[in-house]
Amino acid sequence: MTSPLSRRALLSGLTVGAAGMLAGCDRLGRDEDFRKALFSAENMHKWLQRSLQDRDALAREFRPDQRSPFFRGNGTLNPGTPAYAALWRNGFVDWRLRVDGLVGRPLSLSLAQLQAMPQRVQTTRHDCVEGWSAIGTWRGVPLATVLDAAALSTRARYLVFHCMDDMGGGVDYYESIDLVDAFHPQTILALALNDALLPVRNGAPLRLRVERQLGYKHAKYLSRIEAVADLSAVRGGHGGFWEDVAGYDWYAGI
Amino acid sequence: MREEDDPAATAPSAPVKRHRLSTRLWHWTTALCVYVLFTSGLGIFNAHPRLYWGDYGANFDRPWLELARFGSAWTLPSTYDLALSRRWHLAFALVLAFALLAYMLWSLANRHVTRDLALRKADLRWATIRREIADHARLRFPRGAAALRYNVLQKASYIAVIFILLPVLTFTGLAMSPGMDAAWPWLTQFSGGRQSARSIHFIAAWLLFAFFLVHIVMVLLAGAGNGLRGMITGWYRVPEARPGDRDGEGERESAGEGRP
């Protein structure tokens, strides 16, 4: 071989190189400045998707016969706290959804009040960040209806969804969306899945559906919706439980 | 023995300009992206190492493929971290896709595609294909002017990677995005549903890995130093023609892509 490098040297070089690349990338992945650059791709994706989407472009809706045979739960399957168990035993008659923060008219809505409001029914695909998908039929109140009833302030930019499931150490799950998704026609507060009241594993008594984003945005076990002007002062400042503790993208459209 | 001391290596010809700057930049950008995307992709796959066909698929549905999680030597980061794998993957996906788009347009404009990659009638003659396969099987690599042209197997594999595999990976990747599903519903439907898109994405990634292995082996066998220098600096030393070698088909005068 006339090459200055022998094959064996190159092959072992490749192996060592691959290990070195991985170690180097691992180290880069812990570097604060590099993470900032890497994480900025989220904004690019958000900008690209929002540019390509109509503001009201709908996620695909399916026929009821295209549903998954079983709609699995994920994350918290039962909040399991004594308070939640007490609410559940009573059929959630004592449960209330508070709507507050930057609103003109704070609300406290019972399940019966939400059931009495106009409903939207949609059969959509739930896409988990882990890679699996399930199709189910959701029925619920468009979030826009509730926000209008609460007279959302013009200063509000985000809606924060506070949940009843304790993720450990008394820290409850939470998520947030901006006004583009809040007023999207398919963004609903779901009361029912597949023609029955929401099962506990899927977020009883009320969960968010925000169909153009991944599953972790669809907060379950809702107790409170808070309108805020920015997210930096809320909890860990990244707009959601997984965003705070694990570095998930806040914009989960991809 | 160092190359400079080897009379057989230095005697024949001065190096020629083989690869354009655009090709070299794209090649190494894509190489880096493919490395990051493949390893971070396996990290993402580990979150749910099952594949399905159709629109939906989850734990209680029947997968067509179920694997153990890939080990730490295969994934980026090396320890399981779905969020960070996604950050790597989705950042480098942008680089790969837009670099590919730019390279495609640029290569059409500067005629790299038509001059160097497009299959010609002579390439598609059965005798040519048979000879190329036989030459490859005997590890008999082209020398002389023929070494500056891509043979039919190279052309076919480069076209497959640039115009089929990488676009398929890009579009099936997009088809998995719930945001793109609302923006471009045809994309997911054309893929056969989100879970089919995920399966195709996985298969295409391994086809790309197979291409990578063959590509590396071929570069090693054909002369790694010369090949690497060609793709880094653009300059390539033409291997001396064997006595009695037919110099390709002699059909085309223009040889390397760097030639005017």
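The end C-alpha atoms of residues 94-229 of chain A lie 30 Å apart, and this span is 12% helix and 46% strand, where helices (H or I, at least four residues) and strands (E, at least two) are DSSP runs numbered from the N terminus. According to the unreviewed UniProt entry, these residues of chain A carry the annotation "domain: Oxidoreductase molybdopterin-binding"; UniProt positions follow the numbering used here, feature names are shortened, and annotations may be inferred rather than shown by experiment. The model is a predicted one, in which local features need pLDDT of at least 70 and side-chain atom pairs count only at pLDDT 80 or more, while totals for chains, interfaces and linings use all residues. Residues are numbered from 1 along each chain as its sequence is written, chains are lettered from A and ligands numbered from 1 in the order in which they are written, and side-chain values use heavy atoms, with hydrogens and water left out.

Over all chains, the structure holds 22 salt bridges, a salt bridge being a side-chain nitrogen of Lys or Arg within 4 Å of a carboxyl oxygen of Asp or Glu. Side chains of opposite charge can pair when their charged atoms come close. Within the annotated span of chain A, A:D100 is joined by a salt bridge to A:R224, with the closest N and O atoms 3.0 Å apart. Because A:D100 belongs to strand β1 (residues 96-101) and A:R224 to strand β10 (residues 222-228) of chain A, the pair ties together parts that are 124 residues apart in sequence. A:D100 counts as buried, at 15% relative accessibility; buried means under 20% relative accessible area, exposed over 50%, and partly exposed in between (1.4 Å probe, protein chains only). Another salt bridge of chain A links A:R63 with A:D65, the closest N and O atoms being 2.9 Å apart. Here A:R63 is partly exposed at 47% relative accessibility, and A:D65 is exposed at 57%.

In chain B, a salt bridge connects B:D123 with B:K155, and the closest N and O atoms are 2.6 Å apart. This pair links distant parts of the chain, since B:D123 is in the loop between α4 and α5 and B:K155 is in helix α6 (residues 152-175), 32 residues apart. Both B:D123 and B:K155 are buried. The loop between α4 (112-117) and α5 (126-137) of chain B also holds B:K121, which is exposed, with a relative accessible area of 78%. B:K121 and B:A182 are 61 residues apart in sequence and 44 Å apart in space, C-alpha to C-alpha.

Between the two chains, 55 residues of chain B are in contact (heavy atoms within 4.5 Å) with 60 residues of chain A. Chains B and A bury about 4800 Å² between them, 65% of it on carbon and sulfur atoms; buried area is the accessible area (1.4 Å probe) that two parts lose on being put together, summed over both. The interface contains 6 salt bridges. One of them pairs B:R87 with A:D249, with the closest N and O atoms 3.5 Å apart. On the side of chain B that touches chain A, at least two residues each are supplied by α2 (21-45), α3 (82-109), α7 (178-183), α8 (185-190) and α9 (194-233) of chain B. The largest share of this side, 11 residues, comes from α3(B).
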